[in-house]
Amino acid sequence: MSAKHPTDGLIGRYVRGGADLPADELWAVEAHLEQCTHCRGRLAVAVADVPEVTDLLTAVRSDLEPALARSVPAPPGRRRIPLRATPAMGPWLAMVVGVSVVAVLLDRVAGWAANTPVVLLVAPALPLAGVAAAWSRSLDPAFELTSVTPQAGLPLLLKRTLTVLAVLLPVHLLAGFLTGVAVAQWLLPSLTLTASAVALGGVVGVGRATAALGTLWTAAVLAPALALGRPFLLQADQLPFWAGALAVAVAVVLIRRHTYTTSATLR
Amino acid sequence: MTLPTGALDTAPRMYTHEIHAAGLTVEVGRRHRAVDGLDLSLGIGTHGLLGPNGAGKTTLIRTLATVLRPTGGDLGLFGHSVRDRGHHRELRRRIGYLPQEFGYYKRFTVREFVTYMAWLKDMPARDIPGAVQRAVERVGLADRAESRMKALSGGMVRRVGIAQAIVNDPSVLLLDEPTVGLDPAQRLQFRSLLQELGRESCVLVSTHLVEDVAAACSDVVLFDQGRLVFQGTSEELAAEGSVDQPGDSPLERGYSALLSGSGHEKSMW
């Protein structure tokens, strides 16, 4: 962009069609006008004095008006659509919240498994169900379409996973409060399992990853805890282990972030 | 209505063809080569993809839409190889895609569905309402924009599919059997929309209706058994046929002549 603005005379000749201007000068004026707001303002003032141009603009406007009146404008104040979750995820999230409520009831009312709170056993594994629902061909009727949008892959998977956590964490906070389980004791395993599901999902597919981790959780934590009455991997002194695993999972996701755009992660 | 000119519109093009396939091979299932060593270059214009059922049209379109990955050869979109996965997000912003089986959310209204797709396509939030309105108007559904998807007829659902495909003003538009379920009047409207879109972008329309191609497409790509049989204008396709070939129109006769010439031994049924 040149700092030199065209003179009023030059703009006046440009407005009258530029027939008396050499082609190179005409181009220079036009190129400058495209870049310079100040000179477009001067052009607008100059145009107001030229009846040929104002008549043309009025004619175009009156031609367009019927078409503009016919088009239906977007109505204001519409229902907000849930952008961050698959529209089909609702029932899954409801189910997961329901399981949490049942766990609290078992602990509080039935006084069942007194030395291992049920909330502690199920809370870390529940987000897995939500993650599975977040990226699943069978639960998303528009999957063929959504899986090839620019957001598909890691951005969408993370947004939907965070939606799952955003719904579940308050529920589990309340459940932990009601049953007296320390926050870190379930929150850290919960985040670790979720991050591992996303990391492993990049290799074998999110559906398989959540299934595998769910099975592992049942075999390594849930079953021994129910059988022996003592949760092995959920003691307070094992928290550094969970934190380390979380860090590894997050690192794996970051390193492999480009692999999520392909259909290998969709199984 | 004029669209604001973005940096993308004025940037120099660094490629000759929007779509460039070289020896492209795509295997589906157990070593079934649905696309077999395809060399194809497509630029600005409306290209009709013709071929018998099972020719590999849908596989080709799904590969172009980056749903499937090539198993051999190379595919370039806007001069970038699809093998470079770091580029996928950028490529996908410039693609519009209508799958053969168009799945949708029944409880969404037309406007909500197209808005949702526009958001998934990374469009800036302030541009979305205007772009959605324009896309819905272009497919003639402005008066049904607030209807729920489950209340629409099959042809209307198809038009919503077209609206979501064009909402981001794609440079490559891939439509798999878009005219299925449209009545004759809608089909005429759709053809003129196709011609309009083909002036600025590379549109690939798969269809089994020869007359769609004749009316709306600037050129024809004839595809059989995963291979390119013919690429040229519809006049050139008509010239391939002779009066003794089966078919009701010159185009159909050209189509039958080329398919029988490609060693296609199947019966008409």
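**Reading helices, sheets and interfaces**

Tutor: Start with a helix pair: helix 10 (residues 183-204) and helix 12 (residues 239-255) of chain A pack at an angle of about 30°, their axes 8 Å apart. This is a predicted model; local features need pLDDT of at least 70, side-chain atom pairs count only at pLDDT 80 or more, and totals for chains, interfaces and linings use all residues. Residues are numbered from 1 along each chain as its sequence is written, and chains are lettered from A and ligands numbered from 1 in the order in which they are written.

Student: What counts as a helix, and how is the angle taken?

Tutor: Helices (H or I, at least four residues) and strands (E, at least two) are DSSP runs, numbered from the N terminus. Axes are lines fitted to C-alpha atoms, for helices over the stretch in contact; angles run from 0 to 180 degrees between N-to-C directions. Here helix 10 of chain A is therefore roughly parallel to helix 12 of chain A (angles under 35 degrees).

Student: Which classes of residue make the contact of helix 10 with helix 12 of chain A?

Tutor: That contact has 16 nonpolar, three polar and no charged residues. Ala, Val, Leu, Ile, Met, Phe, Trp, Tyr, Cys and Pro count as nonpolar, Asp, Glu, Lys and Arg as charged, and the others, Gly among them, as polar. Helix 10 of chain A supplies residues including A:Leu188 and A:Ala195; helix 12 of chain A supplies A:Trp242 and A:Leu246, among others.

Student: How do I read a sheet?

Tutor: Strands of a sheet pair through backbone hydrogen bonds, either parallel or antiparallel. Two strands pair if DSSP finds at least two bridges between them. In chain B, four strands form an open sheet in the order 2-1-4-5, with antiparallel pairing. Strand 2 (32-42) and strand 5 (80-81) of chain B are the edges, each pairing on one side only. Two bridges join strand 4 (residues 72-77) of chain B to strand 5 of chain B. B:Gly76 stands opposite B:Ser81 in strand 5 of chain B.

Student: How many residues of each chain are in contact?

Tutor: 32 residues of chain B are in contact with 22 residues of chain A (C-beta atoms, placed from the backbone, within 7 Å). Helix 4 of chain B gives the most to the side of chain B that touches chain A, with six residues. By class, that side has 14 nonpolar, six polar and twelve charged residues.

Student: And what is chain B built from?

Tutor: Chain B has ten helices and ten strands. Its C-alpha trace spans about 55 × 40 × 40 Å along its principal axes.

How values were computed
Contact = placed C-beta atoms within 7 Å. Parallel < 35°, antiparallel > 145°, perpendicular 65-115°, else oblique.
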